[in-house]
Amino acid sequence: MKKLVALAVAGVLSATLTGCNDKETKTAETKAPEAAPAQGGTVHLYTWTEYVPDGLLDEFTKETGIKVEVSSLESNETMYAKLKLQGKDGGYDVIAPSNYFVSKMAREGMLKELDHNQLPVIKDLNPDWLDKPYDKGNKYSLPQLLGAPGIAYNTNTYKADNFTSWGDLWKPEYKGKVQLLDDAREVFNIALLKLGQDPNTKDPAVIKSAYEELLKLRPNVLSFNSDNPANSFISGEVEVGQLWNGSVRIAKKEQAPVNMVFPKEGPVLWVDTLAIPANAKNPEGAHKLINYLLSAKVAEKLTLAIGYPTSNMEALKVLPKEITEDPAIYPPAEVLKTAQWQDDVGDAIELYEKYYQELKAAK
């Protein structure tokens with residue numbers, strides 16, 4: 001199973017490097033739109049905070065006359081809960097679930113089937129990102145950006161060879177110095193990989209053992225942060241910790257002395273997608289917005305702004321080498337061979353979340 005996953009991942013990012021792409025942050029609270037019938041000229045977009053930099057949507061509104069109301073997505077779990085509460089009344093037209101939530105939401109009838117005839121941009125997307133097990137035939141989603149978490153460090157204080165394994169974060173010299181991403185699955189992934197376990201396990205006993213391992217790490221943890229986690233590295237508040245590849249790009253743009261390595265156990269990859277909720281009030285406008293957001297010119301702007309590898313092959317051709325050849329942003333093939341994909345763990349997510357809250361409350 002792991003071998004098959006590794007081969008699939010290697011394929012995805014061999015094309016990442018010939019054409020590739022979690023989460024600089026996945027946070028920031030905004031009020032959900034009113035669940036009133038959407039006006040014909042409005043599309044409600046629910047996406048990760050940094051995925052809509054200033055001015056990104058101006059041309060879309062100018063070209064189509066469609067106004068875009070943006071709500072900031074805090075986490076996949078929060079998004080899922082909000083859509084469940086909205087029920088048939090709806091409120092969002094385009095959402096950005098990570099790949100492991102696409103399969104879950106599609107299975108539960110929460111997503112609308114895409115009309116590929118309204119999405120000509122598909123021809124420009126990396127074929128190695130399409131038709132994946134979480135959404136065969138891309139019936140419900142299209143890939144946008146690829147995330148890979150690693151260990152980030154201040155280059156004035158540490159060297160890359162200080163961090164060869166996720167287990168290095170447990171070393172006593174990092175007491176009170178480590179930042180972790182504020183995400184249950186991301187945090188449990190590193191403990192499960194350290195223990196040689198499947199990061200997508202649903203086994204309660206294995207999940208508990210990972211929790212116990214994380215309790216040993218807890219004295220080293222200074223903070224849990226997924227709300228623009230690069231900022232604490234940029235300010236110098238944090239010098240070592242878990243970070244996403246897009247976050248590294250943001251830090252480097254600010255000339256911060258930051259770099260990142262992928263430990264020998266490999267990263268657990270995710271892809272953020274674009275999809276349409278089953279209860280969307282403006283599906284036609286939603287298709288237009290998805291086509292726009294995945295277009296080459298917009299994909300280029302977004303990767304330049306936030307660093308995450310893009311699914312658009314035409315955008316990849318014009319992106320600067322300082323991004324596409326930076327191994328901290330675009331993981332090289334040897335890293336991808338050890339990488340795994342984050343997947344839906346079903347009801348086991350409740351156990352992960354329970355232990356995660358206990359971990360954060362521990363001292």
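Let me begin with N138, which lies in the loop between α4 (99–107) and β4 (141–147). Helices and strands here are DSSP runs, helices being H or I of at least four residues and strands E of at least two, numbered from the N terminus. N138 is not a glycine, yet its phi is positive, at about 50 degrees. N138 is also buried, with a relative accessible area of 5%. By buried I mean under 20% relative accessible area, by exposed over 50%, and by partly exposed anything in between, with a 1.4 Å probe and protein chains only.

Please note that this is a predicted model, in which local features need pLDDT of at least 70 and side-chain atom pairs count only at pLDDT 80 or more, while totals for chains, interfaces and linings use all residues. Residues are numbered from 1 along each chain as its sequence is written, and side-chain values use heavy atoms, with hydrogens and water left out.

I turn now to the chain as a whole. The protein chain has 14 helices and 11 strands. Of its 363 residues, 60% count as buried. The chain exposes about 14500 Å², of which carbon and sulfur atoms supply 51%; accessible areas come from the Shrake-Rupley method with a 1.4 Å probe, and for residues only the protein chains shown count as cover.

Let us return to α4. Eight of the nine residues of α4 are buried, so this helix is largely enclosed by the rest of the structure. The buried residues are N99, Y100, F101, V102, S103, K104, M105 and A106. What covers them includes α3 (76–86), β3 (94–95), β4, α5, β10 and β11 (340–341). After α4 comes G109, whose phi is positive, near 70 degrees.

The next topic is the interior. In soluble globular proteins, nonpolar side chains tend to be buried together. A nonpolar core, as I use the term, is a set of buried Ala, Val, Leu, Ile, Met, Phe, Trp, Tyr and Cys residues joined through side-chain atoms within 4.5 Å. The largest such core has 74 residues, and I95, M105, L289, I290 and L293 touch the most other members. A second, separate core of 35 residues includes F224, V268, Y356 and L359.

For L289, leaving aside neighbours within four places in sequence, the contacts are V43, L45, L57, F60, V68 and V94. Contact means heavy atoms within 4.5 Å.

A280 is found in the loop between β10 (268–275) and α9 (283–293). At 10% relative accessibility, A280 counts as buried. Beyond residues up to four places away in sequence, A280 touches Y92 and D93.

V70, in strand β2 (residues 67–73), counts as partly exposed at 35% relative accessibility. With residues up to four places away in sequence not counted, V70 touches L45, T47, V52 and L57.

I shall close with two helix pairs. The axes of α5 (residues 184–194) and α14 (residues 349–361) come within 10 Å and cross at roughly 85 degrees. Axes are lines fitted to C-alpha atoms, for helices over the stretch in contact, and angles run from 0 to 180 degrees between N-to-C directions. The two helices are therefore roughly perpendicular to each other; angles under 35 degrees count as roughly parallel, over 145 as roughly antiparallel, 65 to 115 as roughly perpendicular and the rest as oblique. Here A184, R185, V187, F188 and L192 of α5 meet I349, Y352, E353, Y355, Y356 and L359 of α14.

In the second pair, the axes of α8 and α10 (residues 296–306) come within 7 Å and cross at roughly 70 degrees. That makes α8 roughly perpendicular to α10. G246, R249, I250 and K253 in α8 meet T303, L304, A305 and I306 in α10. In the loop between α8 (245–253) and β9 (258–261) lies Q255, a residue with a positive phi of about 65 degrees that is not a glycine. Is Q255 buried or exposed? At 68% relative accessibility, Q255 counts as exposed.
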